[in-house]
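Q: I should like to learn how to read a protein model step by step. Could we work through one together?

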Amino acid sequence: MQIVIQPVQLPMHKVTWAVWTHGCRNRVEEFPQPADFEARLGLFPYNFSGFGGQLFRIRRSRLYFWNMTSSKDKSYLQQAIRLAREGIGQGKGGPFGCIIVKADEVIGTGNNLVTSTNDPTAHAEVVAIREACAYLNSYQLTGCTVYASCEPCPMCLGAIYWARPDRLVYASTRLDAADAGFDDDLIYREIALPAGERQIPFVFMPEQEALDVFRAWKKMSNKKLY
Ligand SMILES: [Zn+2]
């Protein structure tokens, strides 16, 4: 096992990063204000739980986060990156790849297919999740690890939470994606805004019938919860 310190980003905030990879610091940006950092401290265990890691050290307003990864993780992650490269070579879509592994078996693979299929939801993670779930004949990815060439966008993050794998490992960050012209970070920022302040208006128009559907669902005895 080797220790890899992974990037973290705090919601509701300008970002701070402390990215150390294999003992070599490749990017560190200061937290906007140390006081902000302290103030958010209590939220960290919750925010990080999805990554399966833990906060272990704070020094000079920088955040250090570590997670145990293995050489198998590295190999699978490289497969995801390879898919990303193959995808752009074949004109399939953006430079993103993903594989899903359960008990040392690759059960789903995907690369970005947005432009070749005219499907804005055909991100590598979504494509791989669909394949893995079909393979398992299940809507849950219990016991699986998702390897993504890049930190997932908010849509894929949502898909990953719905699929509930054990863990996610990724190789580049949303800032790297933004630098390449994919502004996932914009969507992350939009999520934090009130509905009325978003670039795409989200209009709440209450309808009783919409609530009636929920009522009918709650009463159903033969429903499948997920
Ligand atoms: Zn995505």
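Predicted model: local features only at pLDDT ≥ 70, side-chain atom pairs only at ≥ 80, totals over all residues.

Q: What does the secondary structure of the protein chain come to?

A: The chain has nine helices and nine strands. Of its 226 residues, 28% count as buried. Among the contacts with a separation of 6 or more, 45% join residues 24 or more positions apart.

Q: In what order do the strands of the open sheet stand?

A: Strands of a sheet pair through backbone hydrogen bonds, either parallel or antiparallel. Here four strands form an open sheet in the order β7-β6-β8-β9, and the pairing is mixed. The edges are taken by β7 (105–111) and β9 (167–170); each has a single partner strand, so one side of each is left without a neighbour in the sheet. On average, neighbouring strands of this sheet are turned by 20 degrees against each other, direction ignored.

Q: Which pairs of strands are parallel, and which are antiparallel?

A: One may go through the pairs in turn. β6 and β7 pair in the antiparallel sense over six bridges, and within β7, N111 is the bridge partner of G97. β6 also pairs with β8 in the antiparallel sense, over five bridges; there the bridge partner of C98 is A148 in β8. Strand β8 (residues 144–148) and β9 pair in the parallel sense over four bridges. A148 stands opposite Y170 in β9.

Q: Which helix packs on the sheet?

A: That helix is α3 (residues 71–89), which touches β6 (97–102), β7, β8 and β9. Its direction makes about 145 degrees with that of β6.

Q: How does the span of α3 agree with its number of residues?

A: One compares an expected span with the distance between the end C-alpha atoms. At 1.5 Å a residue, the 19 residues of α3 should span 27 Å, and the end C-alpha atoms are 27 Å apart, which agrees.

Q: Which residues of α3 are buried, and which are exposed?

A: The approach is to list the residues of each kind and then see where they lie around the axis. The buried residues of α3 are Y76, L77, A80, I81, L83, A84 and G87. They cover an arc of only 145 degrees around the axis, which puts them on the same side of α3. The face turned away from this buried side carries the exposed residues S71, K72, S75, E86 and G89.

Q: Against what do the buried residues of α3 pack?

A: They pack against β6, β7, β8 and β9. Just after α3, G91 takes a positive phi of about 70 degrees.

Q: Which residues are buried in helix α6?

A: In α6 (residues 154–163), C156, I160 and A163 are buried. They cover an arc of only 65 degrees around the axis, which puts them on the same side of α6. Y161 and W162, on the other side of α6, are exposed. The buried residues of α6 pack against α5 (124–136), β8 and β9.

Q: What is the phi of R164, and where is its place?

A: Phi of R164 is near 55 degrees, a positive value in a residue other than glycine. R164 follows α6, and its place is in the loop between α6 and β9.

Q: Where is A103 found, and why does it count as exposed?

A: A103 is found in the loop between β6 and β7. The hairpin of these strands has two residues between them, and A103 takes a positive phi near 45 degrees there. Glycine is not the residue here, as A103 is a residue other than glycine. A103 counts as exposed because it has 7 C-beta neighbours inside 10 Å.

Technical notes: Residues numbered from 1 in each chain as written. Buried ≥ 20, exposed ≤ 12 C-beta atoms within 10 Å, placed from the backbone. Contact = placed C-beta atoms within 7 Å. Pairing = 2+ DSSP bridges. Axes fitted to C-alpha atoms, helices over the stretch in contact; angles between N-to-C directions. Arc of directions from axis to C-beta. Expected span 1.5 Å × (residues − 1).
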